[in-house]
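Let's take a friendly walk through a protein model, one part at a time. Keep the sequence and the 3D view open as you read.

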Amino acid sequence: TLCAYHDDKVMRSLALWSNVYVALAEYRLQLLNEASFRGYPVVRHPVLHFPNDERFNCCNGSDRKKTKKDKDGWSSSYSDSFMLGDLLYVAPVLKSGVRKKKVYLPEGGWIHLWTEEQVAGPHSIGKTVEVMAPLGEPPVFVRDVDTMHRFVEDLRHRHIIRRR
């Protein structure tokens, strides 16, 4: 019988994501309270927090099949990016073998989760960045705010992320 827990690579991945899940406990609780009392979804389309950003507003049903090019000439779809609450921005890698991804970040300061590099300053009005996206480290960006610094510190303490 083939079991996932007999594969060291799978077990390391499960351990990593279990630690990320635990580190997010306080934030998840806050999001569940928002969902209960305000009706906000836990996982959100970025347009909820950035309603004036045309890159997210263009992703309505009539424009889904169109390929848009940003100011740098990169073809991108922003419909696969999502927010976990209002402080985590995720741009999943959906194609096998991809190890880098160009990601549009909405306004504000953003820190790349895995490297802790500030990729957009607090006064950024939105920009496209290219980040490494090896298997197991999808592009995840954290709002540059104190509550998220605790989350990042917890991940560092658990040896999930290290400054590079």
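## A histidine to begin with

His45 sits in the loop that links strand S1 (43–44) to helix H3 (54–57); helices (H or I, at least four residues) and strands (E, at least two) are DSSP runs, numbered from the N terminus. The C-alpha atoms of His45 and Tyr89 are 9.6 Å apart, while 44 residues separate the two along the chain.

## What kind of model this is

This is a predicted model, in which local features need pLDDT of at least 70 and side-chain atom pairs count only at pLDDT 80 or more, while totals for chains, interfaces and linings use all residues. Residues are numbered from 1 along each chain as its sequence is written, and side-chain values use heavy atoms, with hydrogens and water left out.

The chain has a mean pLDDT of 82, and 82% of its residues reach 70 or more; pLDDT is the predictor's confidence in each residue, from 0 to 100. Residues 62–67 have pLDDT below 50, and this stretch makes 4 contacts in the model beyond near neighbours in sequence; contact means heavy atoms within 4.5 Å. Where pLDDT is low, the predicted coordinates should not be read in detail.

## The overall plan

The chain contains 4 helices and 10 strands. Along the sequence, their order is α-α-β-α-β-β-β-β-β-β-β-β-β-α. Of the chain's 164 residues, 37% count as buried. Take the contacts between residues at least 6 apart in sequence: 60% of them join residues at least 24 apart.

## Arg44 in strand S1

Arg44 lies in strand S1. Where does a relative accessible area of 3% place Arg44? Arg44 is buried, because its value falls under the cut-off of 20%. The side chains of Arg44 and Glu34 make a polar contact of 2.4 Å. A polar contact is a pair of N or O atoms within 3.5 Å; within protein, one must be able to donate a hydrogen and the other to accept it, and residues adjacent in sequence count only if both atoms are side-chain atoms. Leaving aside residues up to four places away in sequence, Arg44 touches several residues, including Leu31, His49, Phe82 and Met83.

At the start of H1, a side-chain oxygen of Asp7 comes to within 2.8 Å of the backbone nitrogen of Lys9.

In H4, the buried residues are Met148, Phe151, Val152 and Leu155. Seen down the axis of H4, its buried residues fall within an arc of 95°, so they line one face of the helix; the arc is that of the directions from the helix axis to the C-beta atoms. Asp146 and His157, on the other side of H4, are exposed. The cover over the buried residues of H4 includes helix H1 (8–23), helix H2 (25–38), strand S5 (88–90) and strand S10 (140–143).

## Two nonpolar cores

A nonpolar core is a set of buried Ala, Val, Leu, Ile, Met, Phe, Trp, Tyr and Cys residues joined through side-chain atoms within 4.5 Å. The largest one has 19 residues, and those with the most contacts inside it are Tyr27, Leu88, Leu113, Phe151 and Leu155. H4 gives the most to this core, with 4 residues. A second, separate core has 14 residues, among them Phe50, Phe56, Val103 and Val131.

## Glu116, a loop residue

Glu116 is found in the loop between strand S7 (110–112) and strand S8 (118–120). With a relative accessible area of 12%, Glu116 is buried. Its side chain joins that of Arg156 through a polar contact of 2.2 Å. Phi of Glu116 is positive, near 65°. Most residues other than glycine have a negative phi.

Key:
Buried means under 20% relative accessible area, exposed over 50%, partly exposed in between (1.4 Å probe, protein chains only).
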